[in-house]
Amino acid sequence: MIAQLDRDKWVRAAALDNAEWCDAVCRSHGLTGEFDAAAWTSARRTPPLYPDAVTLSAHTSAEQLLGQIDCTTRGASIKDSFACLDLSRHGFHVLFEAQWIYRPADHRPPAAPHRWKLVDDPAGLSDWATAWDPANPKVFRPELLTDDSVAILGCWDGDLLTAGAIAHLSKNVVGVSNLFHSGIAATDAWAGCLSTIYQLRPGRDIVGYEQDEDLTAAIHHGCMPVGPLRVWVAAT
């Protein structure tokens, strides 16, 4: 069992890493985000599927956030890292809920049934992004390949990309995000992803967030749920 103080610590670490990853994606699109004690925010609309704000404190107010993002353009979204905001009275609804996860660095990495490797060229990144989401392949730009904090991971069966994930390195942790799999089981995808991260970033605790099948698979491989989050999106 993890004590509540430790849970709070890992939620904050996971939220900050995720905010830094969102900031990296935005920078690759020429957008500049802002960090303060309350949140990371972007005054301009972020790329598809990425939030305009990520809260970094459970004491952040809705009014603070809404004053720092673009609420006039359709599609505003906020990642409520502590699942404590009520944005419904501001015209937002909950898009999804998930759990932050944490895996200690001293846990042995799982055995990987498939080989994973780095995506390190624009053509490979284009293929990876299309496999991740065919509707939004241009979210991930080649600029990310030169960002030392970002490792784009893929698993191939011959020429077929069967799984992938992002590993983002922040000050104290590695954040897992954008994990997908097609043709292999979620548990196999998580085993390969975690094993590869421990090879690339040894000695780092791993954080991230998941829901449903992938949350179950992550827990199966030693990740622990440490707290809920919500993503809110404007109705119009």
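**Figure 1. Arg89 and Glu63 are joined by a salt bridge in this predicted model, with 3.3 Å between their closest N and O atoms.** The term salt bridge denotes a side-chain nitrogen of Lys or Arg within 4 Å of a carboxyl oxygen of Asp or Glu. Helices (H or I, at least four residues) and strands (E, at least two) are DSSP runs, numbered from the N terminus. Arg89 is exposed at a relative accessible area of 61%, whereas Glu63 is partly exposed at 45%. Buried stands for under 20% relative accessible area, exposed for over 50%, and partly exposed for values in between (1.4 Å probe, protein chains only). The model is predicted, so local features need pLDDT of at least 70 and side-chain atom pairs count only at pLDDT 80 or more, while totals for chains, interfaces and linings use all residues. Residues are numbered from 1 along each chain as its sequence is written, and side-chain values use heavy atoms, with hydrogens and water left out.

**Figure 2. Salt bridges with shared partners join Asp23, Arg27 and Asp147 into one network.** Across the whole structure, a search finds 5 salt bridges. Asp23 and Arg27 meet through their side chains at 2.7 Å, N to O. These two residues lie 4 residues apart in helix 1 (residues 4-28), and are therefore separated by about one helical turn. Asp23 counts as buried, with 8% relative accessibility, and Arg27 counts as partly exposed, with 44%. Arg27 also meets the side chain of Asp147 in a salt bridge, at 3.1 Å, N to O. Here the link is between distant parts of the chain, as Asp147 in the loop between helix 3 and strand 7 and Arg27 in helix 1 are 120 residues apart. Asp147 has 16% relative accessibility and counts as buried.

**Figure 3. Ring pairs link Trp21, Tyr50, Trp128, Trp132, Phe140 and Phe180 into a cluster.** A pair of aromatic rings is described by the distance of the centres and the angle of the planes. Rings of Phe, Tyr and Trp (its six-membered ring) pair if their centres lie within 6.5 Å; planes under 30 degrees apart count as stacked, over 60 as edge-to-face and the rest as tilted. The search of the whole structure finds 10 aromatic pairs. In one of them, the ring centres of Trp128 and Phe140 are 5.2 Å apart and the planes stand at 90°, so this pair is edge-to-face. Trp128 in helix 3 (residues 122-132) and Phe140 in the loop between helix 3 and strand 7 (150-157) are 12 residues apart, and their pair links distant parts of the chain. Trp128 and Phe140 are both buried. Phe140 also pairs with Trp132, with ring centres 4.7 Å apart and planes at 75°, so this pair too is edge-to-face. Like Phe140, Trp132 is buried.

**Figure 4. The charged end of Lys117 sits over the ring of Trp156.** The distance from this charged end to the ring centre is 5.0 Å. A charge is assigned to this position if NZ of Lys or CZ of Arg is within 6 Å of the ring centre and within 35 degrees of the ring normal.

**Figure 5. Helix 4 (residues 186-200) and helix 5 (residues 212-220) cross at roughly 55°.** The axes of helix 4 and helix 5 come within 9 Å. Axes are lines fitted to C-alpha atoms, for helices over the stretch in contact, and angles run from 0 to 180 degrees between N-to-C directions. Helix 4 and helix 5 are therefore oblique to each other. In this scheme, angles under 35 degrees count as roughly parallel, over 145 as roughly antiparallel, 65 to 115 as roughly perpendicular and the rest as oblique.

**Figure 6. Leu49 and Ala83 have positive phi values although neither is a glycine.** Most residues other than glycine have a negative phi. The phi of Leu49 is about 75°, and that of Ala83 is near 50°. Leu49 lies in the loop between strand 2 (39-41) and strand 3 (53-55) and counts as exposed at 58% relative accessibility. Ala83 is placed in the loop between strand 4 and strand 5 and is buried, with a relative accessible area of 17%.
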